[in-house]
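Trainee: I have a model open and would like to learn how to read its packing. Could you walk me through it?

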Amino acid sequence: MFAVPGMELCEQGNFSIGLGCYLSQQKIYASLWGRVSVQATGDTNSVLIQVQPVTTHKQRNTCNRVPEVGNLVIGKVFKVTWRAVIVEIFATEEQLLEYTFRGVIRLPDVTTTSSDKIDLHNCFRTGDIIRAQVISLGDPQAYYLSTSRSCDGVIYATSSAGYPMEPFNENQMICTKTQTKEYRKVGFGSK
């Protein structure tokens with residue numbers, strides 16, 4: 001499995017934390033871009049989980065395929081407008097892609113738990129790393145993506161102050177340094 005910073009890997013349980021991981025609220029998260037590795041340790045009651053970092057383009061384990069309908073993809077928010085979010089897709093859940101692809105999350109394809117009218121600027125910010133599902137091949141310029149499921153949405157973000165953020169609830173993330181809350185469509189839980 002491929003991981004991006006801030007992605008939830010598992011509950012702590014009997015896992016010991018290795019390189020590229022951190023613990024928050026009894027859950028283990030990735031702190032690096034890379035491939036997740038799980039290894040048995042000498043202690044029979046413990047398993048080591050770590051993220052093997054991806055460093056240079058030539059060392060990346062990339063694939064030359066393109067995203068397909070139904071794939072879960074990872075991307076970086078490029079632009080947010082009042083009716084759509086433009087995303088640069090760089091990976092599927094399993095593997096880095098050799099090339100990036102343009103994706104669009106349209107307003108109707110975002111679902112939040114809030115009963116208020118959805119404002120995309122409160123769901124996503126430029127630079128956020130998101131998980132989404134490909135719902136259509138779209139047009140020749142972009143795939144259509146959806147974050148309707150609770151596990152889809154922002155999986156990594158930095159605060160206005162420039163520090164990493166953690167999920168606070170389904171609609172907010174909290175800055176790890178200033179404890180300031182900011183609105184996001186948070187991608188919670190497992191797939």
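Mentor: Gladly; we will look at the nonpolar cores, then the aromatic pairs, then charges over rings. Keep in mind that this is a predicted model.

Trainee: Which residues of the largest nonpolar core touch the most other members?

Mentor: A nonpolar core is a set of buried nonpolar residues joined through side-chain atoms. Here the largest one has 23 residues, and Val85, Val87, Ile89, Ile105, Phe124, Ile130 and Leu145 touch the most other members. At least two residues each come from β9, β10, β11, α1, β12 and β13, with β11 giving the most, 4 residues.

Trainee: What does Ile105 touch?

Mentor: Leaving out residues up to four places away in sequence, Ile105 contacts Arg83, Ala84, Val85, Val87, Val110, Phe124, Ile130, Leu145 and Thr147. Apart from this core lies another, of 18 residues, including Val4, Leu9, Cys21 and Val36.

Trainee: How many aromatic pairs are there?

Mentor: Look at the angle between ring planes: under 30 degrees counts as stacked, over 60 as edge-to-face. The count is 2. Tyr22 and Tyr29 are stacked, 5.5 Å centre to centre with 20° between the planes. Tyr22 is partly exposed at 27% relative accessible area, whereas Tyr29 is buried at 8%. Phe101 and Tyr143 are edge-to-face, at 6.0 Å and 85°. Phe101 is in strand β11 and Tyr143 in strand β13, so this pair ties together parts 42 residues apart in sequence.

Trainee: Which charged residues lie over rings?

Mentor: The charged end of Arg102 sits over the ring of Phe78, 4.9 Å from its centre. Arg106 lies over the face of Tyr144, 4.0 Å from the ring centre.

Methods. Residues are numbered from 1 along each chain as its sequence is written. This is a predicted model: local features need pLDDT of at least 70, side-chain atom pairs count only at pLDDT 80 or more; totals for chains, interfaces and linings use all residues. Side-chain values use heavy atoms; hydrogens and water are left out. A nonpolar core is a set of buried Ala, Val, Leu, Ile, Met, Phe, Trp, Tyr and Cys residues joined through side-chain atoms within 4.5 Å. Buried means under 20% relative accessible area, exposed over 50%, partly exposed in between (1.4 Å probe, protein chains only). Contact means heavy atoms within 4.5 Å. Rings of Phe, Tyr and Trp (its six-membered ring) pair if their centres lie within 6.5 Å; planes under 30 degrees apart count as stacked, over 60 as edge-to-face and the rest as tilted. A charge sits over a ring if NZ of Lys or CZ of Arg is within 6 Å of the ring centre and within 35 degrees of the ring normal.
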